[in-house]
Amino acid sequence: MAKKALITGIAGQDGGHLAALLHEKGYEVYGVIRGQLEASHPRYQQVRTEMPYANLIMADLLDLSALTRAMQEIKPDEVYNLAAISHVGYSFRDPVLTADVTGKGVLNVLEAIRLAGLEKTTRFYQASTSEMFGGLEYNRPETGYTEDAAFHPRSPYGVAKLYGHWITKNYRENYGMFNVTGILFNHEGERRGPEFVTRKISQAVARIKLGLQESIELGNLDAKRDWGYAGDYVEGMWRMLQQDEPDDYVLATGETHTIREFCELAFKEIGITISWSGSGVDEKGLNSETNEVLIAINPEFFRPSEVDLLLGDPTKAETVLGWKRKVDFPGLVKLMVDHDLKAESK
Ligand code: NAP
Ligand code: G4F
C-alpha cells in the first residue's frame, strides 16, 4: 500500500518541490490549500496544473475543525507542516496574523492529529527556521549554528516560529508523537516567491536584460545569508521522517554571502559587472561600463530589526541523515537567472 503524505502549504515554494519528490517516491500526495477550490481560481488552477497527481483539500491553518476532518478522512502516514506566513518583513506589519498562523497554526495541526486519534501512527515534520537564532554577535558560533545553539528571534515571524518549534518538541515529549523539526537556513530557487530578495533580484536582472525594467530597489545589502537550493532541502525533510527516532536537524550549506554578492553574481550572468558608489541610503550599483544606475537603496525595504548574519552547521544532518546539498551558491544564482530569462521572454 502506498504511503499517504499530507502537505500543508503545498502551493508554496517548498510544497511544490516536496510534492514532486514524494510523488516520485510513490506516495499518495494530499495538499492543503486556502481558498474555495474553485476551478476558476488562478491559485487553484496553477497547483492543479503543476501537480495533477495531488489530492487538494481546502483548509486554513486557523481552522481546527477543517484540519481535524482532513486528518480523520486521510489518516496520513506523514504530515509536513509547511504552511505559514513566511515573509519576515511582512510579519512586522501584521504580527498578530503571523502569530496566529505561523505560531498557533502549528498547534492546530498537532491537535488535529491527536483529535483524529493518529498521535501514535502519524509522523509530523515542522518547518522551523534559522530566523529563530537571530544572528546576533553574542550567540553566533564561529563555525555556524547547530541544533543546540541559543535562540534570539528578531522578528514577529521568528518569535512565532519559535513557538511552533517548541510546541512540536513539547508534543513529542508529552504524547510520544513522532515529531521532527527541520531548522532550515534560507533556500531558494525557481519556485521562490518574488517578495523574497533572491527572486526579486533574479527576476529584475532578467527583465533588465530583456529591456523590460531599468533598475531595482533594495534594502540592506550587507546582511549575510546561508543560501541553498530548495530542491535539495525537501530531500532532507523527507529523510528526517524516515529515521528510527524523531529529532531536530539543521539544514544549511555552511557558507554565507551578502545580498551584495548575490547581486554581483546575478548581473554577471547577463554580462554586466557591478561597481558600487556612495554609501548608506545613497549607495548605488552601477554598470561598470556605462555608469548606468542598476541598483538603488529604498529604506522601505529596511526592517525594524535585522538578522545580520546567518550561517548554519549541517554536520548532524550530513552524518545522521546522509544528507548533502548538491547545488552551490554560484549554481543557485545561475539556475534562478536562467529560469527567469526564459520565463520573462515568454
Ligand atoms: P511559502 O512559499 O511562503 O509557502 C507558504 C505556504 O503557506 C503558502 O502556500 C501559503 O498559501 C500557505 N499559507 C499561508 N497562510 C496559510 C493559512 N492560514 N492556512 C493555510 N495555508 C497558509 O514558504 P516556503 O518558502 O515554501 O517555506 C515553507 C515553510 O518553511 C514555511 O513554514 C517557512 O516559514 C519555512 N521556512 C522557509 C525557509 C526558506 O528559506 N524558504 C527557511 C526556513 C523555514 P498561499 O499560497 O495561499 O499564500
Ligand atoms: O529574502 P528575505 O526576505 O529572506 P529572510 O528574511 O532571510 O527570510 C527567509 O529565510 C528564512 C530562513 O532564514 C525563512 F524562515 C523565511 O520564511 C524566509 O524564507 O531577506 C533576506 C535578506 C534580509 O536581510 C533582508 O533585509 O535580504 C534583505 N533584503 C534587502 N533588500 C531584502 C531586500 N529582502 C527583501 N525581501 N526585499 C528586499 O528588497
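Me: Which residue does tryptophan 276 stand opposite in S14?

Reply: Glycine 285. The model is predicted: local features need pLDDT of at least 70, side-chain atom pairs count only at pLDDT 80 or more, and totals for chains, interfaces and linings use all residues. Residues are numbered from 1 along each chain as its sequence is written, chains are lettered from A and ligands numbered from 1 in the order in which they are written, and side-chain values use heavy atoms, with hydrogens and water left out.

Me: What makes S13 and S14 a pair, and how do they run?

Reply: Four bridges join S13 to S14 (284-287). Pairing takes at least two bridges by DSSP, so these strands pair. They run antiparallel. Isoleucine 274 stands opposite asparagine 287 in S14. Strands are DSSP runs of E, at least two residues; helices are runs of H or I, at least four; both are numbered from the N terminus.

Me: Which residue takes a positive phi in the hairpin of S13 and S14?

Reply: Glycine 278, with phi near 80°. This hairpin has six residues between the strands.

Me: What makes S14 and S15 a pair?

Reply: Three bridges join them. Leucine 286 stands opposite valine 293 in S15. S14 and S15 form a hairpin with five residues between them, and asparagine 291 in the turn has a positive phi of about 65°.

Me: Why are S8 and S13 said to stand at the edges?

Reply: The four strands form an open sheet in the order S8-S15-S14-S13, with mixed pairing. S8 (216-218) and S13 (274-277) each have a single partner strand, so one side of each lacks a neighbour in the sheet. The twist averages 25° from one strand to the next. Axes are lines fitted to C-alpha atoms, for helices over the stretch in contact, and angles run from 0 to 180 degrees between N-to-C directions.

Me: Which helix packs on the sheet and touches S8 and S15?

Reply: Helix H7 (197-209) touches S8 and S15 (293-297). Touching means contact, with heavy atoms within 4.5 Å. The direction of H7 makes about 160° with that of S8. Helix H9 (259-268) packs on the sheet too, touching S8, S13 and S15. Its direction makes about 145° with that of S13.

Me: What is the strand order in the open sheet of seven strands?

Reply: S3-S2-S1-S4-S5-S6-S11, with parallel pairing. S3 (55-58) and S11 (248-251) are the edge strands; each pairs on one side only. The twist averages 20° from one strand to the next.

Me: What makes S1 and S4 a pair?

Reply: Four bridges join S1 (4-8) to S4 (78-81). Two would do, so they pair. They run parallel. Alanine 5 stands opposite glutamate 78 in S4. Helix H6 packs on this sheet, touching S5, S6 (178-184) and S11; its direction makes about 150° with that of S6.

Me: Which residues come nearest to ligand 1?

Reply: Asp14, Arg34, Arg43, Ser86 and Tyr157, of the 25 residues around ligand 1. A residue is near if one of its heavy atoms lies within 4 Å.

Me: How do you know that arginine 34 makes a polar contact with ligand 1?

Reply: A polar side-chain atom of arginine 34 lies 2.7 Å from an oxygen atom of ligand 1. A polar contact is a pair of N or O atoms within 3.5 Å, so this pair qualifies. An oxygen atom of ligand 1 is also 2.9 Å from a polar backbone atom of leucine 82. Histidine 187 has a polar backbone atom 2.9 Å from an oxygen atom of ligand 1.

Me: How much of the accessible area of ligand 1 does the protein cover?

Reply: 89% of the 890 Å² that ligand 1 has on its own. Areas come from the Shrake-Rupley method with a 1.4 Å probe. H1 (13-24), S5 (123-129) and H6 (156-175) are the elements that give two or more residues to the shell. S5 gives the most, with three.

Me: What makes arginine 303 a polar contact of ligand 2?

Reply: An N or O atom in the side chain of arginine 303 is 2.6 Å from an oxygen atom of ligand 2. That is within the limit, so it counts. A side-chain N or O atom of arginine 192 is 2.9 Å from an oxygen atom of ligand 2. A polar backbone atom of glutamate 195 is 2.9 Å from a nitrogen atom of ligand 2. Taken alone, ligand 2 exposes 720 Å², and the protein buries 96% of that.

Technical notes
Polar contact = N/O pair within 3.5 Å; in protein donor to acceptor, adjacent residues only side chain to side chain.
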